[in-house]
Each structure stands twice: as C-alpha cells, then as structure tokens.
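Visitor: I am new to this structure and would like to learn how to read it. Could you walk me through it step by step?

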Amino acid sequence: MIDIIFSMQIINTFKACGIVKMEHFGANIQKYTESFNHNSCLHKKISIDSEGNIRNCPSMPQNFGNIKDTTLEKALAHPDFKKYWNLTKDKIEVCKDCEFRYICTDCRAYTERTHTDEEGLDISKPLKCGYNPHTGEWQEWSTNPLKEKAINYYKMEELIKK
C-alpha cells in the first residue's frame, strides 16, 4: 500500500523550511523505522513548486523538469532524483551522535555546508538545528556565529533573530 499525501498549503517562502525543534519531533514506529533506513524528509517525496518545476523538495536547488512537459515518472527516473533518499541521520555529521536522530526530520536543502561524502552528497548538519548532542543543550540556530557563512550563502539574513 502506498500512502499519498497531497498538500496545497500556501508557503510564502521556501526559506522557512527545515527548522528543527522539539515540537516537530514525532515518535511512532512508522516514522522511526523510515528514519532508521532512509532520509526522514526526502525519502519518497516529490514536489512541484509554484513555477511547475518538479523537485524532490521545493527548497532543493535541482529540478527535474517542469510539469508542463515532463511526467512525474520521467522525473523520478532521473538518476539524481533519489540520491538523498537513503542518506540517514547515521551518516550526517553531528546528527549521527544525536539521541533524537530517528524522530527528527532532516533537511538537505539548508545545511551548514561543512561536509560532503565520497559521492559528493552534503552530509552536513541541518542549518536550522540549534541542538548540540555533545552538550545536550539547545541554542537559537540563527544567532550562532558558526552558521553565519551558510546563512549568508542561502540569503537568510531576514531570519536572524536579534
């Protein structure tokens, strides 16, 4: 059986995507199992942005055609479409040490941009996560000076909390 979730939620900016906080954690056996084996955000996801571009996620930079001239089947068949589907939190820097990794949604669209693996996949911690699993402390992600370079790269200065 395949679950299909159709959403027409109005999203004013894709830059709002990827925020990690405890209120978003979900604990059920289905989510835990999927997160253990696959990427908790991108696995089996297909999106169409406001311009009709087919993407794995509306915030991801790569598109796989436009709905006007490309079928969803053709987009899914592209060799890069599923490249992040099996990237689990066990392979992502910092996240692999986190006790919440199987109940936390991962974001590959906005990362700290600090690490890549041998295949060229971005395995950096999600940019909008302020949790440090080594100390067990939460901090506001947008005010962390170590994230300033990535915040500037994504042009998210308006999201910085003063």
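Guide: Gladly! Let us begin with a definition: a residue is buried under 20% relative accessible area, exposed over 50%, and partly exposed in between. Keep in mind that this is a predicted model.

Visitor: Let me try that on one residue. Is Asp90 buried, exposed or partly exposed?

Guide: Asp90 has 30% relative accessibility, so Asp90 counts as partly exposed.

Visitor: Which side chain meets that of Asp90 in a salt bridge?

Guide: To read a salt bridge, look for a side-chain nitrogen of Lys or Arg within 4 Å of a carboxyl oxygen of Asp or Glu. For Asp90 the partner is Arg101, with 2.7 Å from N to O. Both residues lie in the loop between α2 and β3, so their pairing ties together parts that are eleven residues apart in sequence.

Visitor: How many salt bridges are there by this rule?

Guide: The count comes to six. Another one of them joins the side chains of Lys89 and Asp106, at 3.9 Å from N to O. That pair links distant parts of the chain, 17 residues apart, with Lys89 and Asp106 each in the loop between α2 (72-77) and β3 (131-132).

Visitor: Why does Lys89 count as buried?

Guide: Lys89 counts as buried because its relative accessibility is 5%, under the 20% limit. Asp106, at 1%, is buried too.

Visitor: Which residues are linked with Lys89 in a network of salt bridges?

Guide: Asp106 and Arg108 are linked with Lys89 in that network. The side chains of Asp106 and Arg108 meet at 2.8 Å, N to O, and both of these residues are buried.

Visitor: Now for the nonpolar residues. How many residues has the largest nonpolar core?

Guide: Here the idea is to follow buried nonpolar residues joined through side-chain atoms. The largest such core has 24 residues, and Leu42, Met60, Tyr84 and Leu127 are among those with the most contacts inside it. Leaving aside neighbours within four places in sequence, Leu127 is in contact with residues including Tyr110, Trp141, Ile151 and Met156. A second, separate core has six residues, including Cys98, Phe100, Cys104 and Tyr131.

Visitor: How many disulfides does the structure hold?

Guide: It holds zero. Take Cys41: its nearest cysteine sulfur belongs to Cys57, 5.3 Å away, whereas a disulfide needs the two sulfur atoms within 2.5 Å. Cys41 counts as buried, at 16% relative accessibility, and Cys107 is buried with a relative accessible area of 4%.

Conventions. Residues are numbered from 1 along each chain as its sequence is written. This is a predicted model: local features need pLDDT of at least 70, side-chain atom pairs count only at pLDDT 80 or more; totals for chains, interfaces and linings use all residues. Side-chain values use heavy atoms; hydrogens and water are left out. Helices (H or I, at least four residues) and strands (E, at least two) are DSSP runs, numbered from the N terminus. Buried means under 20% relative accessible area, exposed over 50%, partly exposed in between (1.4 Å probe, protein chains only). A nonpolar core is a set of buried Ala, Val, Leu, Ile, Met, Phe, Trp, Tyr and Cys residues joined through side-chain atoms within 4.5 Å. Contact means heavy atoms within 4.5 Å.
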